[in-house]
Amino acid sequence: MAWGPGGSYPWCTMTGLTEYILDVSEALLLAVWVAVLITAVALPRRPGRVPVRPGWLDARCRTGAPTGLALTAAVLTLATSAWALASVTYSVVHHTGLARDDPRVLAFVIEHRTPWLTGLAKVVTWLGSTLVLWPVVVVAGLGLWRWRRHWLPAVLPALALAGAWAGALLVKGLATRPRPPAADRLTVVHGLSYPSQHAAQALATWGMLALMLMAGRSAGARVLLAAGAALIAFVVGLTRIYLGAHWMTDVLGGWALAGVWDSLLIICYLLTQQMAAASPGRQPRAAVYRKAA
């Protein structure tokens, strides 16, 4: 039976095994997140500011340093986003898991369409378009250069947009997934479906802009910037499903792709800041970073 005609049984076995491995990796990743949070936040310090945490972990959880808590969060976000991208991509390619719910989600959205929502969706969806985002990153880059007086924060939003655009095109060519039926679309779209380029570009670009604007601001302002970027990316993703341009998993894959790319950029940025801080001739720059953080 296992080696019958067509070899379907071994293939199904490998598919199930891969899904099991993805589920286990998800549980392990969540366990790591919880362990780091408990160790970084819950464990107290001894009198005299001697940390209960091991030295290496205390350094990873230290604020105000490029290789401290910021780098730890970036690495964990990279791992989470990479796992999500792998999981959703596997689901789409093999039509398992979340991909099976795509037709039901699209049918639900179609049933609840209204004229005013359609008009709003057609406007909001442009916040994930390159025609809008490129002027935004150019203007924002000039403003960041004037404010920060350093080229790297100024170009990171443009790098985030370019990487999301190129990464989405690459994955589209590998997945070769068709879009939802033309009869269900409310907008003109071309090319392949997975992942959603609008969703990836919106999260990558607005998220990076928010991160670059957080330096030197209060905790409340940082929360508002992060929430604003997340809200824009979330709404843009919803509009792609509402307009029938993408399946639900296309949007999820686009968000995961943006998380991977932005995390890589932030890790490189933080390591660059660390090298600048370690260089004797760049000590003033490091001091500015510590004050901003």
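Arg177 and Asp102 are both buried, a word used here for residues with under 20% relative accessible area, while exposed stands for over 50% and partly exposed for anything in between (1.4 Å probe, protein chains only). The structure is a predicted model, in which local features need pLDDT of at least 70 and side-chain atom pairs count only at pLDDT 80 or more, whereas totals for chains, interfaces and linings use all residues. Residues are numbered from 1 along each chain as its sequence is written, and side-chain values use heavy atoms, with hydrogens and water left out.

**Salt bridges**

- The structure holds 3 salt bridges, each being a side-chain nitrogen of Lys or Arg within 4 Å of a carboxyl oxygen of Asp or Glu.
- Side chains of opposite charge can pair when their charged atoms come close.
- In the salt bridge between Arg177 and Asp102, the closest N and O atoms are 2.6 Å apart.
- This pair links distant parts of the chain, since Arg177 sits in the loop between H7 and H8 while Asp102 belongs to helix H4 (residues 102-111), 75 residues apart; helices (H or I, at least four residues) and strands (E, at least two) are DSSP runs, numbered from the N terminus.
- Arg177 forms a salt bridge with Asp250 too, and here the closest N and O atoms are 2.7 Å apart.
- Because Arg177 lies in the loop between H7 and H8 and Asp250 lies in helix H10, the pair ties together parts that are 73 residues apart in sequence.
- Another salt bridge joins the side chains of Asp101 and Arg104, at 2.2 Å from N to O.
- Asp101 counts as partly exposed because its relative accessibility is 27%, while Arg104 is exposed, with a relative accessible area of 54%.

**The chain as a whole**

- The chain contains 11 helices and 2 strands, and from the N terminus on its elements run α-β-β-α-α-α-α-α-α-α-α-α-α.
- Of the 293 residues in the chain, 40% are buried.
- The chain exposes about 15,800 Å², of which carbon and sulfur atoms supply 73%; accessible areas come from the Shrake-Rupley method with a 1.4 Å probe, and for residues only the protein chains shown count as cover.
- Among contacts (heavy atoms within 4.5 Å) between residues at least 6 apart in sequence, 74% join residues at least 24 apart.

**Nonpolar cores**

- In soluble globular proteins, nonpolar side chains tend to be buried together.
- A nonpolar core is a set of buried Ala, Val, Leu, Ile, Met, Phe, Trp, Tyr and Cys residues joined through side-chain atoms within 4.5 Å.
- The largest nonpolar core has 29 residues, and those with the most contacts inside it are Leu85, Leu156, Tyr194, Met208, Met212, Ile266 and Tyr269.
- Helix H3 (69-94), helix H7 (151-175), helix H8 (197-213) and helix H10 (248-278) each supply at least two residues of this core, and its largest share, 9 residues, comes from H10.
- Apart from this core lies another, of 10 residues, among them Val109, Ala199, Ile241 and Tyr242.
- Leaving aside neighbours within four places in sequence, Tyr269 is in contact with Arg148, Leu152, Pro153, Leu156 and Met212.

**Residues of helix H3**

- Ser81 lies in helix H3 and counts as buried because its relative accessibility is 11%.
- Not counting residues up to four places away in sequence, Ser81 touches Ala256, Gly259 and Val260.
- Val93 also has its place in helix H3, but Val93 is partly exposed, with a relative accessible area of 48%.
- The C-alpha atoms of Val93 and Leu174 are separated by 9.5 Å, although these residues are 81 residues apart along the chain.

**Helix H9**

- Helix H9 (residues 219-242) has 24 residues and reaches 34 Å from its first C-alpha to its last, close to the 34 Å expected at 1.5 Å a residue, where the expected span is 1.5 Å times one less than the number of residues.
- Among the buried residues of H9 are Ala229, Ala233, Val236 and Gly237.
- Just after H9, Gly244 takes a positive phi of about 75°.
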